[in-house]
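Student: Could you go through this model with me and show how each label follows from its definition?
Tutor: Gladly; have a look first.
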Amino acid sequence: MLKLEMVGHDFGRERTLEGIDLTVAPGESVCLVGPSGCGKTTLLRIAAGLVTPCEGRVSDDFRRSTVVFQEPRLLPWRRLLDNIALGLKAMGVPQQERLTRARALADELGLAERHDHYPHELSGGMQQRVALARALAVDADLLLLDEPFSALDVGLRSEAQTLLLGLLARRNIASLLVTHDLTEALRLGHRVVVMSPSPGCIVHEQRIERPFAERDTAFLYEAAGALLRQPAVAESFLFHQDEVSA
Ligand SMILES: Nc1ncnc2c1ncn2[C@@H]1O[C@H](COP(=O)(O)OP(=O)(O)OP(=O)(O)O)[C@@H](O)[C@H]1O
């Protein structure tokens with residue numbers, strides 16, 4: 001279980017996060033959604049242990065958590081398989097085993113024909129799949145994903161979302177995914193957590209009961225509409241502080 005209790009954070013004089021209580025259970029997919037600048041990335045970085053919060057407690061008893069960033073962050077001089085195997089090398093896994101595991105993951109993520117390609121020879125969607133494979137290679141049981149698909153066009157994004165759902169379900173991996181896209185959160189989350197800015201805090205939480213396979217476009221738009229009818233969510237998404245005061 002990942003557990004954040006009363007987490008608060010400041011950057012200098014700016015109050016970025018306040019009173020954040022958040023949990024992610026084994027196998028659970030939680031989507032953190034909110035407008036730009038509300039502190040989602042900061043919260044994810046705190047969950048990953050990359051930032052120490054000014055206040056509150058973080059406990060994480062997952063075996064291994066890994067972060068997938070918005071940009072794939074591949075090593076340009078390494079071929080696809082070596083990029084996937086990067087974390088395994090750091091863990092001291094022997095080369096043959098590294099490559100065997102990397103090959104299996106590349107194939108599972110639809111990159112079978114690309115083993116020897118360099119990142120610049122891959123499309124944006126493929127590069128993001130390599131980043132996902134690299135995170136899975138180290139046998140993570142919690143993935144922390146920061147807007148992993150936001151740079152992809154609509155078709156590729158939908159494909160990547162389907163792929164991610166399959167991977168998480170097959171391996172029973174938990175995830176905390178940050179997005180500013182309500183429909184993405186509603187498609188990928190067992191639970192959707194909505195943040196509001198200035199300072200960033202959680203204003204609404206909702207469990208999505210419908211099975212993933214039944215979350216079609218009509219459902220997503222209807223559910224997003226229902227969510228936006230919640231006053232706190234509407235205020236967060238539709239009336240930004242700067243618009244109100246303009
Ligand atoms: N390292 C930092 N130093 C100073 N201020 C920071 C730092 N990181 C983030 N901030 C500030 O904290 C606030 C929240 O930023 P954060 O990136 O967490 O928001 P976000 O919701 O992820 O935004 P976006 O959706 O645009 O990525 C912003 O006002 C940002 O300028």
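Tutor: The radius of gyration is taken over C-alpha atoms, and the globule rule is 2.2 Å times the number of residues to the power 0.38. This is a predicted model: local features need pLDDT of at least 70, side-chain atom pairs count only at pLDDT 80 or more, and totals for chains, interfaces and linings use all residues. Numbering starts from 1 along each chain as its sequence is written.

Student: What makes the radius of gyration of the protein chain agree with a compact globule?
Tutor: For 246 residues a compact globule would have a value near 18 Å, and the protein chain has 18 Å, so the two agree. Its C-alpha trace spans about 55 × 40 × 35 Å along the principal axes.

Student: Why is Ala140 called buried?
Tutor: The label needs 20 or more other C-beta atoms within 10 Å of the residue's own, with C-beta atoms placed from the backbone (12 or fewer is exposed, in between is partly exposed). Ala140 has 21, so it is buried. Buried residues make up 38% of the 246 residues in the protein chain.

Student: Which residues does Ala140 touch, leaving out those up to four places away in sequence?
Tutor: They are Arg64, Ser65, Thr66, Ala135 and Ile173; contact means that C-beta atoms, placed from the backbone, lie within 7 Å. Arg64 is 76 residues from Ala140 in sequence, yet their C-alpha atoms are 4.8 Å apart.

Definitions and conventions
Two residues are in contact if their C-beta atoms, placed from the backbone, lie within 7 Å.
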